[in-house]
Amino acid sequence: MIYSGEIVEGRFLSRPNRFIAFVLVEGREVKCHVKNTGRCRELLVPGCKVYLEKSSNPARSTLFDLIAVEKERGNLPPLLINMDSQAPNKAVEEYLKGGALFPLGSEVRGEVTFHNSRFDFQIREPDGRVEYLEVKGCTLEENGIVSFPDAPTERGVKHIMELIEAKSEGYSATILILIQMKGVEKFVPNWRTHREFGLALREAEKKGVRILAFDSIVTPSSLTVSERVKVDLGLDQAEEQL
């Protein structure tokens, strides 16, 4: 997935609300649209380097979209993280249509209705088998371990339960966690932020829903699905006692 607009560097200044950030670009403070409504507190640290896509619409109140950030890691090189919440679906769609995960010739459709719900993708294989797939973009990292969500998500739990229902009706079902960075060790649910989401993932796995995680190759202007990453749905000892 490649951004079509001009990419510029800046230094993050502040984020007065979920949708707006102020960034220093070439000595000038500009107002940007933040393409991620999550908290992202560990990413958007004052002074950090960010990457912006310039809008082609001069009528917009925000001329730039904030799409990526460099996370400082002490003595380690900075970690480039794409934080555009719309990018994972676009990157996964390219990945699926390129013949990954499913046989060549499979039909990939986006935003497909299932009963009263809507899934990110429906894949219909040449033999007629149908699979529903939901994508979750992941930007939260600590010491090589990534987790989701960074804020409670009842909508995310609802998606998982709907995939369990699809599986019970004879369809195949997959949750794909797209980690919007490279070089991580494993994915774990964010138990402390939203325990119910982690428990729903564990229930989905028991019921036959595939739980997959992939990392990404990230540049300031692109996001590409890369390699499988270990998924660990186990609770640590402290969480088990809750």
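**Cysteines and a sheet**

Tutor: C40 is buried, its relative accessible area being 0%; buried means under 20%, exposed over 50% and partly exposed in between, with a 1.4 Å probe and protein chains only. This is a predicted model, in which local features need pLDDT of at least 70, side-chain atom pairs count only at pLDDT 80 or more, and totals for chains, interfaces and linings use all residues. Residues are numbered from 1 along each chain as its sequence is written, and side-chain values use heavy atoms, with hydrogens and water left out.

Student: Where does C40 lie, and which residues is C40 in contact with, beyond its neighbours within four places in sequence?

Tutor: C40 sits in the loop between β3 (28–34) and β4 (49–54); strands are DSSP runs of E, at least two residues, numbered from the N terminus. Its contacts (heavy atoms within 4.5 Å) beyond those neighbours are R15, M83 and D150.

Student: How many disulfides are there?

Tutor: A disulfide is a covalent bond between the sulfur atoms of two cysteines. With the criterion of a pair of cysteine sulfur atoms within 2.5 Å, the count is zero. For C138, the nearest cysteine sulfur, that of C40, is 11 Å away. C138 is buried, at 0% relative accessible area.

Student: In what order do the four strands of the open sheet stand?

Tutor: Strands of a sheet pair through backbone hydrogen bonds, either parallel or antiparallel. Here the order is β10-β11-β13-β16, with mixed pairing; two strands pair if DSSP finds at least two bridges between them. β10 (140–142) and β16 (230–231) are at the edges, each with a single partner strand, so one side of each lacks a neighbour in the sheet. β10 and β11 (residues 145–148) run antiparallel, joined by three bridges.
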